[in-house]
Amino acid sequence: MSDFGLYLHIPFCLKKCPYCSFYSLEGRMDLVERYVQAINTQLRFCAEAYRNHLRPMTSIFFGGGTPTLLPAAALSRLLSKCLERFSCADEAEISIEVNPATVDRSDLAVLRQAGFNRLSIGVQSLQDAELRQLGRPHTVADAVDTVRWARTAGFENINLDLMYGLSGQGIQTWKTTLEHALELQPTHLSIYELTIEAGTPFARMEEQGTLFLPDEDTVLLMLEETQQLLMQAGLQRYEISNYAQPGYQCRHNINYWQNGEYLGLGAGAVAFFNKTRFTAIANAEQFCARLEKGQEVWMEKEKLDREAAFRETVIMGLRMTAGVSLAALTDHFDLNAESYYSDTLHRLIRQGMVRIVQGRLQLTAQGFLLANTVMAELV
Ligand code: SF4
């Protein structure tokens, strides 16, 4: 039986980061209690309404926003409600995103005790000047303390999120951040290039010429440096932005990239099962109000046709270094990828962007550098 994930979205943030375009709420702690109630109502509703479509959860992920702005006891209660309402597979991966400066030693102990077994820590940089520039409310010392406390609390599986391509960042500072991160011995690293999203303060700074982003060649060198250092440290790249020690790949995210099924709870969350994608209203107040009145929170329900689902599975699967199995695609969709993409696929193979290895379609090293362009041809 394939994996089934549960995602729970907590949209509150201490402070809006100037590069962030996600739906999140700064300074609305007044709404927290109501939101937790609403999530409990949605949990009850989904467990009843979709019982024929749900399978035992193989992963649970509390993400945000900043989930750890909620008290650890409230997060523990939410997790136990999830475990009461939905059956959970043995050895399920249960993750929570943590921002340094929003947890202390005892919070992490409470979370571990409650059953969370994986932490994803939003470190972003291990240079204080870069953290200030990113508008992060924590320091390097806070991040290091969080990792140390997590270990003491019994978390073995720890991801650190890091960003490169920052304003004023050079190869050497990035290398120093990576080396410092590796000293913390994470089992997993998620490494993202800073992208400037329309409508954010960083986009305005870029327009005004006050953001000094590294040029393309420097960014490429940063990526090369990353791959080399991480490989030496035993962390293998398994997805465009994700690296893990063997056995520590993120099960929850792999399920997304394999276009597997999951239930998403909370404002703005997405769910996908029974060939349908559901999107909840991306407004926490309206989300609460609708649940309080017993109303539907899904604003969109999109039934994917066979070809759309097939193309989506190919695109998502190509994000992973293992790529996507051609035989599994044929079994599942009754479509042959080589005939379906025909000339386009053969051209991409000739151009050295994709390859077929042991029956799997994969991006090449060159294809990974130009992943968006390649995927746009296959979508
Ligand atoms: S903490 Fe995360 S979700 Fe919140 S504003 Fe910053 S980047 Fe966005």
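Predicted model: local features only at pLDDT ≥ 70, side-chain atom pairs only at ≥ 80, totals over all residues.
**Entry 1: the ligand**

I began with the residues around the ligand. The shell holds Cys 13, Lys 15, Lys 16, Cys 17, Tyr 19, Cys 20, Ser 24, Gly 65, Thr 66, Asn 99 and Arg 136.

**Entry 2: strand β6**

Next I looked up strand β6, residues 118–124. Is this strand enclosed or open? Seven of its seven residues are buried, so β6 is largely enclosed by the rest of the structure. I then sorted its residues by direction. Arg 118, Ser 120, Gly 122 and Gln 124 point one way, while Leu 119, Ile 121 and Val 123 point the other way.

For the neighbours of β6, I checked both pairings. Strand β5 (residues 88–98) pairs with β6 in the parallel sense, over four bridges. Within that pairing, Ser 95 has Arg 118 as its bridge partner. Strand β7 (residues 157–164) also pairs with β6 in the parallel sense, here over five bridges. On this side, I found Leu 119 partnered with Ile 158 of β7.

**Entry 3: a three-stranded sheet**

I moved on to an open sheet with the strand order β15-β17-β16 and antiparallel pairing. Which strands sit at its edges? They are β15 (324–325) and β16 (354–357), each of which pairs on one side only. I counted two bridges between β15 and β17 (residues 360–363), again in the antiparallel sense. Val 324 stands opposite Leu 361 of β17. I also found a helix here: α13 (residues 337–350) lies across β16 and β17 and runs at about 115° to β16.

**Entry 4: salt bridges**

How many salt bridges does the structure hold? I have 13 in total, and I followed up a few of them.

Arg 28 and Glu 285 form one, with their closest N and O atoms 3.5 Å apart. Arg 28 lies in the loop between β3 (25–26) and α1 (32–49), and Glu 285 in helix α10 (residues 284–292), so this pair ties together parts that are 257 residues apart in sequence. Arg 28 is partly exposed at 23% relative accessibility, and Glu 285 is partly exposed too, at 38%.

Arg 319 and Glu 239 meet in another, at 2.6 Å from N to O. Arg 319 is in the loop between α11 (306–318) and β15, and Glu 239 is in strand β9 (residues 236–239), so parts 80 residues apart in sequence are tied together.

My last pair was Arg 311 with Glu 307, where the closest N and O atoms are 3.9 Å apart. Both residues lie in helix α11, four residues apart, which is about one turn of the helix. I noted both as partly exposed, Arg 311 with a relative accessible area of 24% and Glu 307 with 34%. Finally, I returned to shared partners: salt bridges join Arg 28, Asp 30 and Glu 285 into one network.

Conventions: Residues numbered from 1 in each chain as written. Heavy atoms only, no water. Pairing = 2+ DSSP bridges. Contact = heavy atoms within 4.5 Å. Axes fitted to C-alpha atoms, helices over the stretch in contact; angles between N-to-C directions. Salt bridge = Lys/Arg side-chain N within 4 Å of Asp/Glu carboxyl O. Buried < 20%, exposed > 50% of the residue type's maximum accessible area, 1.4 Å probe, protein only. Near = heavy atom within 4 Å.
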